[in-house]
Amino acid sequence: MRVIRTKDYRDMSRKAANVISAQVILKPNSVLGLATGTTPIGTYEQLAEWNRKGDCDFSQVTTYNLDEYRGLTHEDPQSYHYFMRQNFFDKINIDLANTFVPDGANPNADEACSEYDRMVRDAGYPDLQLLGIGRNGHIGFNEPDDHFSKGTHCVNLTESTIQANSRLFDNADDVPRQAYTMGVQTIMYARSILILASGPEKAQAVYDMCFGPVTPQCPASILQLHTSCTVIADEAALALCPEA
């Protein structure tokens, strides 16, 4: 696990965009695993700017998002499908037919999850998987548990995750209580992983991820075992970590 320390959120976002753009430049038909939430927004903005300038071409790229709220259609303004279009896809030259998000509108969880697993598997898994980390160490919506999850599955969101995500809703009561998410095993199949963290509220989770025991109580800790994982985090998120 390689840790890159940055000055602040803007610096983190730019360095992350450098890694992703390099992947796309070296392999124009890359398969990217993407994340939502507030952490990657700055990275998406930087990539969109470079795309406008002609420095990064997404026309051959295929993307698979980590997760989606159960019960929301793609058109719902609170869905992650909508989030990705608003914050990234509509700002770059990607073919929307090559962008995929779990089908939160499908009430049959087994069907929705198995179909998404098939799609990701048939694509050969991501060349690069972008992740954020939750305050409790979750990746995707893989919450602390007594085991590491495997394929895409339906999860009950913890209260801490609901509260953290409520900033994107009118109030916490509007946050869905379930989501479909790629499993930890699926995430680990990516050829390279890039995980971002910003702010003091992530400091304990980042320390546990990088220096704690590998345990499903901190799902992100399994990334210590990945052969190509890079952490890019700002000073505040790395406050508890020793400097290299």
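The legends below describe close-up views of a predicted model. Residues are numbered from 1 along each chain as its sequence is written, and side-chain values use heavy atoms, with hydrogens and water left out. Because the model is predicted, local features need pLDDT of at least 70 and side-chain atom pairs count only at pLDDT 80 or more, whereas totals for chains, interfaces and linings use all residues.

**View 1. The span annotated by UniProt, residues 17-227.** An unreviewed UniProt entry places the feature "domain: Glucosamine/galactosamine-6-phosphate isomerase" at these residues; such annotations may be inferred rather than shown by experiment. The end C-alpha atoms of the span lie 21 Å apart, and the span is 31% helix and 15% strand, with helices (H or I, at least four residues) and strands (E, at least two) taken as DSSP runs numbered from the N terminus.

**View 2. Helix α2, residues 41-52.** The twelve residues of α2 reach 17 Å from the first C-alpha to the last, close to the 16 Å expected at 1.5 Å a residue, where the expected span is 1.5 Å times one less than the number of residues. Nine of the twelve are buried, so that α2 is mostly covered; buried means under 20% relative accessible area, exposed over 50%, and partly exposed in between (1.4 Å probe, protein chains only). Among the buried residues are Tyr 44, Leu 47 and Trp 50. The buried residues of α2 pack against α1 (9-26), β2 (31-34), α3 (80-87), β6 (128-132) and β9 (193-197). Just after α2, Gly 54 takes a positive phi of about 85°.

View 3. Gln 23, in helix α1, counts as buried because its relative accessibility is 18%. Thr 62 lies in strand β3 (residues 62-65) and is buried because its relative accessibility is 16%.

**View 4. A nonpolar surface patch of Tyr 207, Phe 211 and Leu 240.** Together these residues have about 270 Å² of accessible area, computed by the Shrake-Rupley method with a 1.4 Å probe, with only the protein chains shown counting as cover for residues. Patches are made of residues with over 30% relative accessible area and no salt bridge, like charges being joined within 9 Å and nonpolar side chains (Val, Leu, Ile, Met, Phe, Trp, Tyr) within 5 Å; a salt bridge is a side-chain nitrogen of Lys or Arg within 4 Å of a carboxyl oxygen of Asp or Glu. Leu 240 is found in the segment after β10 (229-234) and counts as partly exposed because its relative accessibility is 45%.

Conventions: Contact = heavy atoms within 4.5 Å.
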